[in-house]
Amino acid sequence: MDAYTPRTRTGTRKKNLGLSQKEYTKITGTIASVRRHRHPTDDLEDEIDPRNHLSPNGHSKSHNDSSFIAETSFVRAPLNSRVGSNTSVPKPKGKGRQESLDRVPLDIQEALMLEDLLFVLSGIEGTYITYHPDYSLEDDDPLQGIRFTVAPSLDSSLSDLVERILPLGTYYTAIFAFIEQRSHLEFGLVNHALCAAIREMLRDYQTLLSQLEHAFNTSPSFSLQKLWFYVHPTVHTLSLIYQLVLELATADDPGNDLSSESSSSDEDAEEAARNEALGLGGAKLKAVLSEINKADIGSGLPGGSGIAVKGGEVLTIIYERMQNMSGDPTATTIYGKLLKQAGKPYVEMLRDWVSKGRLVDPYEELLVKESKFIDRGILEVDYTDEYWERRYTLRDGSISPGSSKRHQAGVPPPRTVGGRLPGGACIPPLLESWKHKILLAGKYLNVIRECGIDMNKGKAAFDEDLSMDDEKFYEFIEDAYSHANKTLLQLLLKDQELIPRLRSLKRYFFLSQSSFLTHLLDLASTELRKSSKSASVAKLQSLLDLALNTDVIGEDALYREDLKVTIAESGLYDFLLKVVTVSGVVKPEESGGGEEEVKKEKEEKKPMQAIDAMTFDYNVKFPLSLVISRKTILRYQLLFRFLLHLKHVEQALSSMWAEQKTTPWRCAVPNHPEFAGWRLRVCLLRARMLSFIQQILAFVTFEVLEPNWHALEAKLDKVVTVDQLLRDHVDFLDTCLKESMLTSSKLLKACSKLIVVCQTFAFYSASFTKSANQAIAAAAEDPISDPSKAKRWDVLNKFETNFNHWFQVHLDCVQFYASSDNVSLLPLVVRLNSVKVA
């Protein structure tokens, strides 16, 4: 818009309005000086600002020209005259301003202060109330607020009152900057809701300012005292919000910049020169890095943990401030309202999780996190129960209500200031005691949803507006948890028939009714004598199906198709020893020592027989695979292989007993007493070995498995939560493994050596019979000259020595553990003493 130019006046009038040569020179010199020192962007303003348009005679118009003042009053808003001024242009300060205020009457000073205060309360710099000399818009943190200072020449009676009102401007600018910054997407829904609530409170403050400006423009009696009267309650309110904003802004870790600065200052000259030569040092690079750090801090990004202040951490800070200032009713009201409004998206996410099992958390603010790479397909090959334990977890790493253990993986480090966990890992104090129920409710519903069952619980409750400080919210969580728990328990126990499944596992793996196994061992005796690599799994499977079809009736017939034969890659005792001796410490390899150990292992490692590697597997479908998982099936397999080995050795020793009822062992040799004594020693050793195997087998089945199974059945009848069911099942298997001596390396080593000695002795059955026949034939010719006498006694003595040695070691270990940490071994001590030779 062109500048307004008044109509042409008479010549006499025009002469009076002209400038003298001296005045013209003074004005042009002042303009040139200002142009030399002002900001470059002011050139653009000169082009568009009507104040800089030239007059028809080519001279620059003065800002005091009445035509210019009249025009700007029409074209521009009153407040824009303050906003449009560039803060970098130097303004007259100090002595000149002080002299101007000293010459101004007191009532005029008050009016000037009122006008400036109305601008300052909106965050705009006034004429006599300006930015503090130490404040810089470019360098200072906007979240700290703008600091203002009053002209020192102001009358002291007014200055005190103005100083009381000035903090409002600082509070307002800091809060407004916080709203602008934390409304960005990366700060999450809780911060967005908090900014919306604070913006609503600022709207009331802005309404108050407009009313005060109206009173200033219309009421001649409006004074500083009245202004203070109206804004006094607001000072406390905004100060509370300002303190909250400051705590939220400074909750991030500030330590990185300080440490980098201190480390750079301590850098020695040689390292600095090397970095400079490599292009890694120098003032320019450091300046760029410093600017990046400042930009990160200014944008609200954290300095240490890598996670912004969002989600549960924001709610925790608000709640802690509300608790710390509980004696202030205003603070309780303000923070309570902010907590309720900021917690709305958090509560909505929680309600969606506990009532439908859906986790909608785009900014990772909720206390529950999801590992999307883990799905139910992993249950087929997972031996660590990752689907149940790691698919959905708490961000703070806590595992169970009664355990102090925590998952360390994926848990962010705590803040250096305050020590709380950052972001969503910080659980609001109001939800701390409910976090496990919240997690489990959603986990249960996810299992139910993946089974194809639709969950509509909580539709009516969703119509209610709930908050974290509302008792109905926690009743809602309790109801949702109970409903999800009961539904999943019903699904597992009734619909999926969990108890009959576990009974079939007991029959197949614990050999409670093992007639099918005896039949299988008889049918597959030829195949099981082969090496584990050459045995046919398909043939063994067909023989198992034949044995099951012949011997299994009733409930066993329902699940026999789920039982499969597999061949393990390693021996039972080797595998168990590796498991129980794992220490988690990597020892440094000595020179040549590692190669020698590997060579020794290769020499000692012999091909396993199929009977030593055979085991059963059991197929179950989701959701039963949560209870009967790969983790639990592995435990069943370890116990089954132990029982199978005992059964096999018992069967071999029994066959040896049957063979020793033949003529070479029963015929009388009166003229060969040495041979009769050898036969008696062989039969006695075989009887002791058979007695030992039977005592171990009886102890494991009758003293360990049966009592623990009945205890598990009693617990399952009273189970109330799915987690308790899973825990009881795993505890049952772990107890069975421990009481069966499969978790102690010393017991395991002694027991395995004894069983191997018995098995090897049974393999020598044919050799012993052959030696007996040779001795009988030699006795018929010449009893004195028996060529095989020394050899057969040597073999027998070796067996006796080995058996007696390891039996004593095993007995000592059992007695030691029975008296210390495994009281359940006491019955085994009594049983083994019956085998011991006096």
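Are Phe 509 and Tyr 636 buried or exposed? Both Phe 509 and Tyr 636 are buried. Buried here means under 20% relative accessible area, exposed means over 50%, and partly exposed lies in between (1.4 Å probe, protein chains only). The structure is a predicted model, in which local features need pLDDT of at least 70, side-chain atom pairs count only at pLDDT 80 or more, and totals for chains, interfaces and linings use all residues. Residues are numbered from 1 along each chain as its sequence is written, and side-chain values use heavy atoms, with hydrogens and water left out.

The protein chain contains 37 helices and 6 strands. Helices (H or I, at least four residues) and strands (E, at least two) are DSSP runs, numbered from the N terminus. Of the 838 residues in the protein chain, 44% are buried. Among contacts with a separation of 6 or more, 75% come from residues 24 or more positions apart. A contact means heavy atoms within 4.5 Å.

Aromatic pairs were searched for across the whole structure, and 26 were found. Rings of Phe, Tyr and Trp (its six-membered ring) pair if their centres lie within 6.5 Å; planes under 30 degrees apart count as stacked, over 60 as edge-to-face and the rest as tilted. The ring centres of Tyr 131 and Tyr 135 are 5.7 Å apart and the planes stand at 65 degrees, so this pair is edge-to-face. Tyr 131 and Tyr 135 are both buried. For Phe 509 and Tyr 636, the centres are 5.8 Å apart and the planes are at 50 degrees, so the pair is tilted. This pair links distant parts of the chain. Phe 509 belongs to helix α21 (residues 498-509) and Tyr 636 to helix α30 (residues 630-659), 127 residues apart. Phe 509 and Tyr 636 also belong to a cluster linked by ring pairs.

The charged end of Arg 351 sits over the ring of Phe 476, 5.7 Å from the ring centre. The criterion is NZ of Lys or CZ of Arg within 6 Å of the ring centre and within 35 degrees of the ring normal.

Helix packing was examined next. Two packed helices are described by the angle between their axes and the distance between the axes. Helix α7 (residues 106-120) packs with helix α11 (residues 224-249) at an angle of about 30 degrees, and the axes are 10 Å apart. Axes are lines fitted to C-alpha atoms, for helices over the stretch in contact, and angles run from 0 to 180 degrees between N-to-C directions. Helices α7 and α11 are therefore roughly parallel to each other. Angles under 35 degrees count as roughly parallel, over 145 as roughly antiparallel, 65 to 115 as roughly perpendicular and the rest as oblique. Helix α7 contributes Glu 110, Met 113, Leu 114 and Leu 117 to the contact, and α11 contributes Leu 224, Gln 225 and Leu 227. By class, 5 of these residues are nonpolar, 1 is polar and 1 is charged. Ala, Val, Leu, Ile, Met, Phe, Trp, Tyr, Cys and Pro count as nonpolar, Asp, Glu, Lys and Arg as charged, and the others, Gly among them, as polar.

Most residues other than glycine have a negative phi, and most peptide bonds are trans. Phe 622 and Pro 623 are joined by a cis peptide bond, with omega about 10 degrees. Pro 623 lies in the loop between β6 (614-618) and α29 (624-627). Glu 364 has a positive phi, near 55 degrees. Glu 364 sits in the loop between α17 (344-356) and β3 (368-370), and is partly exposed at 48% relative accessible area. Glu 497 also has a positive phi, about 55 degrees. The loop between α20 (471-495) and α21 holds Glu 497, which counts as partly exposed at 38% relative accessibility.

Three further residues were placed by C-alpha separation. Phe 176 is in helix α9 (residues 167-182) and is partly exposed, at 40%. Arg 727 is in helix α33 (residues 722-739) and is partly exposed, at 44%. Its C-alpha atom lies 9.2 Å from that of Val 627, 100 residues apart along the chain. Ala 151 occupies the loop between β2 (148-150) and α8 (156-165) and is buried, at 7%. The C-alpha atoms of Ala 151 and Thr 127, 24 residues apart along the chain, are separated by 9.0 Å.
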